Amino acid sequence: MASYLVSRLIQFALVLFFLSIIVFTIVRLIPGDPAAVMLGTEATPQALAQIRQEMGLDQPIPVQYAKWIENVLAGNFGTSWVSKKPALTLILGALPVTLQLVAASFVVALLIAFPAGLFSAIRPRSWIDQGSTTFALLGISLPSFWLGIMLVLLFSLELRWLPPSGYLSVAADPLGALRTSLLPAVTLGVALAAPLTRFLRSGMLDVLGLDYVRTARAKGLAERRVVGRHALKNALLSVVTILGLQLGTLLGGSIVIEQVFGWPGIGRLSLAAIQQRDYGVVQGIVLFVAALFVLINFAVDLLYLYLDPRIRYRAGG
Amino acid sequence: MPTGGRVIDTTEGLPKVVRTLLQSRTALFGLVLSVLLVVAAVFAPWIAPYRPDEIHPIDSLMAPSARYWLGSDDLGRDILSRIIFGARVSLMVGTIAIGIAAAAGVSLGLVAGFLGGRVDGLIMRVMDALLAFPAILLAIALMAVLGPSLENAMIAIGIISIPAFARITRANVLSLREQEFVEAARALGGGGLYLALVVILPNCLSPIIVQASLGVGNAILVEAALSFLGLGVQPPEPSWGSMLAFGRSLLGQAPWYATFSGLAIFVTVLALNFLGDGLREALDPRLRSVERGA
């Protein structure tokens, strides 16, 4: 088991290393001189040279990368050249907004996918099964930003039940936050619920056809117990894997949905940074989100190890 | 010349695939709709009632009517015509981006799977690193580097779609590499390039085709998202994503604008996903193994 963990850790470190090179390269390739962007068109060549020196832009690329990595490892993700604040401060300021959206969407997705996936697997070919399969097919193809706009049209502009945009922190105003979070959470939650329903249904169908489930039924166990205790536990394994992967998609989706509902999260911060050519912040955000995604998948791997004794056994052997 | 590569008789396999595809109602629906979309895109100048940039100032923000079937925008341009011309943009971005991704991803997957060792390790770690980014975030970062335009959207979406093709190709090459027909071709004197391109690659095509058909739908969604954020195709070129973004700002006055622009994206992606799902069923590996044995 220890050797499995070490090999996963080495893989994790390697992915992070390549990821950092990709982020660094992308941001260095962004057209436009950041020094010129900072000082404007009136800047003298001397002032430009001085700023470039201060920012380390006059150094060779490998030296710039080494310095950047050294800073990142020390928790310094760079500085915003627009607001002069540390990039990490800006990211951590916007992160709770994005996390609130992701968490609320996650809850919505689970509330939809679990009953839909379970019931369609228990009653295959029933109207519930057909309904949830159709939902999953439609949901995968649905552009979430369009769904959000349509929900605003219906629930905010027509029925006037919910606000069309705006963000309230759940810590500051729980009830207000519920009202402002509902539409964005449903928008993003449906996008996650669609693939989740599919996975849960197929996972449950696979497990329900296995011998040990037939044995459990033959022993006279109540159907609820067979499904809840015996089948669901094993079907959840495949769902845990897909949840880890989908969390990254959820983080990406939140960038667009924050724009639709005017939430000041990581998505809005990154778009503003790109428009202002704020290298430090763009670099920080991309690295931060990607590292977070890799970390989540690493955590899912560990969770999988805990949930599935077969992997534990193989890893130990 | 070694003949070990000819394991699938396509003359016999293709009708079987088409038959299976046509038996599925959803796949048939997807196929018909996809064909209609391609026809609409190709013949847009003859099908669309107006030119996409034809301005009628007195008909600004008209609701759907006999004159403007899907209404008009703030400049009095016909929304239906813009959606029909927008299909050109979406389908072009989708197919070219996936073409780029397939060419690069299949090559990388083939090299990684066939050579193995350090080359495999290096290629797959870079692919893992690319997969570590949420796709839309990487696309946004690439668009910031390349600048917003139609061509750059194709390149950015192509790059983010490479890892999926590389992984699928590599996985198939790894399993095929050890099979008897490859061994036979090698024993008959087939060189590395011949084995990779003529013997192994044709046998990896089914999952690649399925990935491509599903990938086009996804590419269209990403392009629409990029254009919606103002980073993709730039106005006045009609793009469904930028039309949706503009329609959103007019939601109170002209709800039909955002509704129909988004509906066009939804129906197109749905059709391509139905078709992709149908292809997946038709090109099932078990079916291929039957053909291989035949």
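1. Read along the sequence, chain A runs α-α-α-α-α-α-α-α-α-α-α-α-α. That is 13 helices and 0 strands, where helices (H or I, at least four residues) and strands (E, at least two) are DSSP runs numbered from the N terminus.

2. The model is predicted: local features need pLDDT of at least 70, side-chain atom pairs count only at pLDDT 80 or more, and totals for chains, interfaces and linings use all residues. Residues are numbered from 1 along each chain as its sequence is written, while chains are lettered from A and ligands numbered from 1 in the order in which they are written.

3. Along the principal axes, the C-alpha atoms of chain A fill a box of roughly 85 × 60 × 35 Å. Of its 317 residues, 39% are buried; a residue is buried if 20 or more other C-beta atoms lie within 10 Å of its own, exposed if 12 or fewer, and partly exposed in between, with C-beta atoms placed from the backbone. Two residues are in contact if their C-beta atoms, placed from the backbone, lie within 7 Å. Among the contacts in chain A between residues at least 6 apart in sequence, 70% join residues at least 24 apart.

4. Chain B has 12 helices and 0 strands, in the order α-α-α-α-α-α-α-α-α-α-α-α from the N terminus. Its C-alpha trace spans about 75 × 45 × 25 Å along the principal axes. Of the 294 residues in chain B, 50% are buried.

5. At the interface, 37 residues of chain A are in contact with 36 residues of chain B. On the chain A side, helix 1 (2–29), helix 6 (127–141), helix 7 (144–158), helix 10 (223–261), helix 11 (266–275) and helix 12 (279–307) each supply at least two residues. This side of chain A divides into 31 nonpolar, 6 polar and no charged residues. Here Ala, Val, Leu, Ile, Met, Phe, Trp, Tyr, Cys and Pro count as nonpolar, Asp, Glu, Lys and Arg as charged, and the others, Gly among them, as polar.

6. A nonpolar core is a set of buried Ala, Val, Leu, Ile, Met, Phe, Trp, Tyr and Cys residues joined through C-beta atoms within 7 Å. The largest has 177 residues, of which Val282(A), Ala139(B), Ile140(B), Ile157(B) and Ala225(B) touch the most other members. Helix 9 (residues 192–228) of chain B contributes the largest share of this core, 19 residues.

7. Leaving aside residues up to four places away in sequence, Ala225(B) touches Phe145(A), Val256(A), Ile136(B) and Gly241(B).
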